[in-house]
Amino acid sequence: MKKFFINIPLLALCTTLTLVSCNTTKNADTNLPKDISERPADEDSQKYEQAQLDKLKASIQSETAKEKCDNASDWTFAPMGAKACGGPQQYIAYPKKIETIILPRIEEYTQKVKAFNEKYNITSDCMMVTPPTSIKCIAGKALLITPEQ
């Protein structure tokens, strides 16, 4: 009989602890950090995204710059980036032999710039960037020729 009275409080204690622990796990998610995609768009994230865009742009430009320009007919150009009110930010020259590699990267950069402009309500000068008329090779580098030149 004495064992029975010892087991009842022990059983009650275990049951109480189990119920309390089950109840606290329901609220455990409230203290966890938010998913990074749900964080507010602030100046720090804008600077971070701008830095990522700058890196992508620099890698595209360095990929085209390492190609030597000997014959202008082996080169072509494409619009790159996007101004907030429409049109490209610039034009970039690239060798035709890497067209299948470079064009998707240029398009990726352009789409990311468009999304960035919309997300952060970026404004621009809205001046149209004149497309080049041709390409010249000068000292092994491709130079875009515009109508003003």
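Is Asp125 buried or exposed? I looked this up first. Asp125 is exposed, with a relative accessible area of 53%. I use buried for under 20% relative accessible area, exposed for over 50%, and partly exposed for in between (1.4 Å probe, protein chains only).

**Ground rules**

I am working with a predicted model, where local features need pLDDT of at least 70, side-chain atom pairs count only at pLDDT 80 or more, and totals for chains, interfaces and linings use all residues. Residues are numbered from 1 along each chain as its sequence is written, and side-chain values use heavy atoms, with hydrogens and water left out.

**Overall layout**

I listed the elements next. The protein chain has three helices and four strands. From the N terminus on, I read them as α-α-β-β-α-β-β. Both kinds are DSSP runs numbered from the N terminus: helices are H or I with at least four residues, strands are E with at least two.

I then checked burial. Of the 149 residues in the protein chain, 24% are buried. The accessible surface comes to about 10,900 Å². Carbon and sulfur atoms own 59% of that surface. These areas come from the Shrake-Rupley method with a 1.4 Å probe; for residues, only the protein chains shown count as cover.

**The hairpin**

I looked at strands S3 (residues 134–138) and S4 (residues 141–145). They run antiparallel, and five bridges join them. Two strands pair if DSSP finds at least two bridges between them. I noted one partner: Ser134 is bridged to Ile145 in S4. Two residues sit between the strands of this hairpin, and Ala139 takes a positive phi near 55°.

**Disulfides**

I searched the whole structure and found two disulfides. The cut-off is a pair of cysteine sulfur atoms within 2.5 Å.

Cys69 and Cys137 form one of them, with sulfur atoms 1.8 Å apart. This pair links distant parts of the chain, 68 residues apart: Cys69 is in the loop between helix H2 (43–65) and strand S1 (75–80), and Cys137 is in strand S3. Cys69 counts as buried at 3% relative accessibility, whereas Cys137 is partly exposed at 27%.

Cys85 and Cys126 form a disulfide too, with sulfur atoms 2.0 Å apart. Cys85 is in the loop between S1 and strand S2 (90–95), Cys126 is in the loop between helix H3 (99–119) and S3, and 41 residues separate them. Cys85 is partly exposed at 42%, and Cys126 is partly exposed at 49%.

With bonded cysteines counted along the chain, I wrote the pattern down as 1-4, 2-3.

**Salt bridges**

How many salt bridges does a search of the whole structure find? I got five. Each needs a side-chain nitrogen of Lys or Arg within 4 Å of a carboxyl oxygen of Asp or Glu. Side chains of opposite charge can pair when their charged atoms come close.

I followed up Arg105 and Glu63, whose side chains meet at 2.4 Å, N to O. Arg105 is in helix H3 and Glu63 in helix H2, 42 residues apart. Glu63 counts as buried, at 18% relative accessibility.

I also checked Glu67 and Lys97, which meet at 3.1 Å, N to O. Glu67 is in the loop between H2 and S1, and Lys97 is in the loop between S2 and H3. Lys97 counts as exposed at 65%.

Back to Asp125. Its salt bridge is with Lys83, the closest N and O atoms being 2.6 Å apart. Asp125 lies in the loop between H3 and S3 and Lys83 in the loop between S1 and S2, so the pair ties together parts 42 residues apart in sequence. Lys83 counts as buried, at 14% relative accessibility.
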